[in-house]
Amino acid sequence: MMHYFDTVIVGSGLAGLRAAIEASKSGSVAVLSKLYPTRSHSTAAQGGIGAALGNEEPDKPEWHIYDTVKGGDYLADQDAVEVMCGDAVRTIVELEHLGVPFSRTPEGKIAQRRFGGHTREFGAAAVRRACYSADRTGHAILFALYEQSERQGVHFFPEFHVLDIEVENSRCFGLVALDIRTGEIHTFNAKATLIASGGFGKVYKTTSNALASTGDCLGILFRAGIPLEDMEFFQFHPTGLYGLGILITEGARGEGGILVNGKGERFMERYAPTIKDLAPRDMVSRAVITEVREGRGIRGGDYVHLDLTRIRREILEERLPEITTFCRIYMGIDPSEAPIPVLPTAHYAMGGIPTDLDGRVLEDEKGSVVAGLYAAGECACVSVHGANRLGCNSLLDTVVFGRRAGTAIGASLKSAEKGEVSGEGIARAKQELDCILTGEGREHAASLRDELQKIMMERCSVFRNERELRQLVEEIRVLKERASKAGITDRGRRFNTELLEAVELGHLLALSEVICLSALERTESRGAHYREDFPERDDRTWLRHTLASQTEKGVEVRYKPVAITRFQPEERKY
Amino acid sequence: MNRKNYTFRIQRFDPEKDAAPRWDEFAVALESHERLLDGLGKIKDFMDGSLTYRRSCAHGICGSCAMKINGKNRLACQTLARDMPETVVFEPLPAFPVIKDLVTDMDPFLEKNAEVLPYLMNDEPPPERERLQSPDDQHKMLQAITCIMCGCCTSSCPSYWADKEYLGPAAFVKAARFVLDTRDRAEDERLSRVAHGQGLWRCHSIYNCVEVCPKEIDITGHIALLKRLSVKKEWAGRRFRKKG
Ligand SMILES: Cc1cc2nc3c(=O)[nH]c(=O)nc-3n(C[C@H](O)[C@H](O)[C@H](O)COP(=O)(O)OP(=O)(O)OC[C@H]3O[C@@H](n4cnc5c(N)ncnc54)[C@H](O)[C@@H]3O)c2cc1C
Ligand code: FES
């Protein structure tokens with residue numbers, strides 16, 4: 001089936017929906033999502049969304065900018081950070097007006113709490129900057145945006161899985177998707193195509209990400225020749241539930257929780273004397289793993305404790321009800337009485353599809369734009385998070401840059417040509433499916449995925465080194481080879497999730513290779529990318545963004561400069 | 001660790017092959033702390049790739065994995081092996097059309113939601129900053145805003161089984177969420193959308209919905225509130241008509 005819309009958006013998380021609300025003011029909008037819209041992983045965001053509202057104590061956008069730049073270990077593009085933090089207050093107020101049920105201060109204003117790396121007066125002390133709705137902030141915002149986009153007549157295509165995005169001669173014409181329910185292929189022709197497909201934490205074994213977070217659209221664009229930026233920077237959140245990876249929000253430490261090792265020490269005092277447990281995530285995750293490696297895990301084991309027993313029970317119940325329930329259900333623990341076993345969990349991709357400040361996708365290091373193609377949210381790299389994202393800055397990123405992309409699209413529609421997806425894109429998508437459906441291979445795609453997740457976790461997570469990365473690249477290549485011969489048992493057309501999981505595996509493998517090669521090239525340590533063999537940050541050589549592209553010769557890595565406006569790189573201490 | 005063998009008895013239906021639903025059994029070993037969703041994953045990954053169900057977040061927040069497990073609607077990702085007997089029976093959510101295996105068509109359910117005007121309505125010019133709302137007022141919505149639209153409630157409701165045009169509990173929770181929001185200005189309009197024969201008055205307080213809600217929302221309490229407000233409005237209308 002063939003569809004025409006002015007704008008086609010992939011993804012119904014915060015970024016896609018905020019863009020949809022904006023773009024639908026100027027033309028027809030279709031939103032495709034492989035899940036029902038409100039099942040998008042934005043719904044899992046717990047702790048908060050950052051803005052210097054100053055509702056609980058004095059705060060300034062200027063301090064927010066500084067924290068974001070420093071938190072990102074100076075790799076963020078500062079012009080983009082200025083845009084994001086400068087627009088934060090307006091953004092939150094607008095969300096409130098759209099209906100988001102934020103928690104409130106006694107005066108009835110939006111309540112705010114402390115979060116990692118957010119400080120007042122350029123690092124003097126932690127500041128209350130995260131606006132929250134208990135610990136269900138993502139859920140609260142996602143529903144409000146979904147409700148408002150429905151009201152505005154956005155057309156939703158739930159359970160449509162995007163298989164191909166057509167980019168040719170620096171121009172995008174639309175995309176090809178599978179209606180999961182019927183197994184029918186649909187083409188969507190559009191003047192503007194926005195990718196808002198979220199993260200890809202599923203490259204790792206232990207992750208806070210959803211099973212659907214497989215980075216399909218990054219894989220699709222990468223194979224179409226679009227570069228991927230800063231893929232070596234993958235954030236591990238220090239407090240995933242032990243054994244499960246389910247997230248316990250940083251807000252828990254923002255409300256007074258602390259990390260404790262097997263000797264009962266509050267070890268973050270040693271690593272970040274000023275803001276301690278509220279240091280940025282890359283530092284806290286390294287600290288946790290270091291404690292464990294040096295034998296100071298709980299009972300010498302491979303985890304530490306997150307102690308929330310210091311927080312009053314009423315506060316836990318009021319501000320952190322969701323994580324309290326998680327602890328009860330999954331660990332059998334009442335966090336007001338017993339400490340929670342935690343370990344770092346793969347959480348957030350700082351890297352992604354390179355874009356300018358209005359979401360336009362860039363196809364090279366010179367900044368050439370792909371006409372008609374936009375990206376926003378976690379799948380994009382503007383870059384506002386640099387080498388390490390601060391907590392509560394991602395939700396802000398999705399809404400600020402989702403809106404900006406929507407506005408830019410709206411303005412472009414009048415002069416944009418109407419494109420049409422060629423037979424080639426459709427053929428490519430069909431062939432991809434047929435190849436899996438008729439393949440005679442015996443190996444399970446699922447076991448290959450498990451192997452991939454395990455080796456990525458072992459060799460390319462919080463600590464990395466050349467030897468293991470080299471080995472990993474080889475192992476991934478072998479897995480890719482095996483995957484090309486994998487087979488599935490379900491040969492039906494309707495709701496064939498086994499087929500789609502096999503498609504997703506292809507993207508996970510491609511992205512893993514990019515992460516790994518980008519990490520191998522960067523011989524320094526910065527933010528979330530820590531090389532044991534190169535433990536120092538090296539601004540002289542490496543204050544630049546990585547751009548990895550697929551070429552005929554394989555993956556090629558190039559670089560582009562970082563935009564620095566007000567803050568020169570300094571040693572990062574907390 | 002505490003590993004135990006379970007028998008998963010699963011209702012299967014493939015529209016391309018089966019004329020009617022059939023049953024399959026699988027032997028699954030699970031640690032006591034593992035989720036039933038993990039068990040379904042083991043089957044799909046290593047025993048029968050065609051087993052079909054929805055899932056995404058795996059920790060009870062996205063609402064994808066609602067199904068009937070041992071006679072009760074629940075989330076497979078929020079139900080642990082240790083709380084289950086040796087035989088675990090899986091069926092799709094009752095009363096929704098089955099698409100394949102444990103996947104049901106949620107469209108009719110979600111369409112009901114749209115009927116209650118599920119968005120904040122307030123045409124007054126917004127202030128420069130946020131609209132103020134006291135913590136107490138915000139707390140009134142607390143339960144209703146945790147709804148994840150999983151469908152457990154509506155699918156467990158005998159009134160819904162009897163009449164598929166009945167709005168059902170989830171739509172009422174959504175209506176209540178906005179009626180309880182001090183920032184909303186569309187109470188009358190919303191109430192008129194729910195207070196009718198296939199709306200509120202079809203709820204007989206059977207409490208199945210409350211029993212199955214994975215977020216422990218007092219759904220019947222919210223319905224009672226809507227009923228109360230609707231009656232009040234009705235009486236106010238009558239007085240007004242008499243006077244007029
Ligand atoms: C547990 C958790 C807690 C978090 N807490 C916070 C927090 O407190 N504060 C904060 O700032 N950030 C937080 N984050 C990060 C933040 O939530 C995410 O980065 C953000 O929500 C991503 O939003 P998005 O709109 O980019 O993508 P998502 O919400 O992930 O949406 C992606 C969309 O793309 C669709 N999609 C993907 N692939 C395809 C395809 N092939 N075809 C069709 N559709 C497709 C999906 O169906 C989905 O609709 C948290 C993240 C996690 C995992
Ligand atoms: S998978 Fe999200 S609720 Fe179960």
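**Figure 1. Salt bridges between chain A and chain B.** In this predicted model, 9 salt bridges are counted between chain A and chain B. One of them pairs the side chains of Glu159(A) and Arg54(B), with an N to O distance of 2.6 Å. Polar contacts between chain A and chain B amount to 39 residue pairs, both residues of each pair being at pLDDT 80 or more.

**Figure 2. The side of chain A that touches chain B.** Five stretches of helix are shown: helix 4 (88-98), helix 5 (137-151), helix 11 (321-331), helix 14 (445-459) and helix 16 (497-521) of chain A each give two or more residues to the side that touches chain B. By residue class, this side of chain A divides into 23 nonpolar, 19 polar and 20 charged residues.

**Figure 3. Extent of the contact between chain A and chain B.** Chain A contributes 62 residues to the contact and chain B contributes 64 residues. About 5,300 Å² is buried between chain A and chain B, and carbon and sulfur atoms give 51% of this area. On chain A, the three residues that supply more than any other three are Arg39(A), His97(A) and Tyr330(A), with 14% of the area that chain A buries against chain B.

**Figure 4. Domain 1 and domain 2 of chain B.** Chain B is divided into domain 1, residues 3-104, and domain 2, residues 107-243. Taken over C-alpha atoms, the centres of domain 1 and domain 2 of chain B are 31 Å apart. The contact involves 15 residues of domain 1 and 16 residues of domain 2 of chain B.

**Figure 5. Area buried between the domains of chain B.** Domain 1 and domain 2 of chain B bury about 1,100 Å² between them, with 64% of it on carbon and sulfur atoms. Within domain 1 of chain B, the residues that lose the most area to domain 2 are Asn73(B), Ala95(B) and Phe96(B), which together account for 43% of what the domain 1 side buries.

**Figure 6. Polar contacts and composition at the domain boundary of chain B.** Between domain 1 and domain 2 of chain B the count is 0 salt bridges, while 5 residue pairs are in polar contact, both residues at pLDDT 80 or more. Strand 4 (residues 72-75) of chain B provides 4 residues, the largest share of the side of domain 1 that touches domain 2. The residues on this side of domain 1 of chain B divide into 9 nonpolar, 4 polar and 2 charged.

Conventions:
Residues are numbered from 1 along each chain as its sequence is written. Chains are lettered from A and ligands numbered from 1 in the order in which they are written. This is a predicted model: local features need pLDDT of at least 70, side-chain atom pairs count only at pLDDT 80 or more; totals for chains, interfaces and linings use all residues. Side-chain values use heavy atoms; hydrogens and water are left out. Domain bounds come from an automatic or database domain assignment. Contact means heavy atoms within 4.5 Å. Buried area is the accessible area (1.4 Å probe) that two parts lose on being put together, summed over both. A salt bridge is a side-chain nitrogen of Lys or Arg within 4 Å of a carboxyl oxygen of Asp or Glu. A polar contact is a pair of N or O atoms within 3.5 Å; within protein, one must be able to donate a hydrogen and the other to accept it, and residues adjacent in sequence count only if both atoms are side-chain atoms. Ala, Val, Leu, Ile, Met, Phe, Trp, Tyr, Cys and Pro count as nonpolar, Asp, Glu, Lys and Arg as charged, and the others, Gly among them, as polar.
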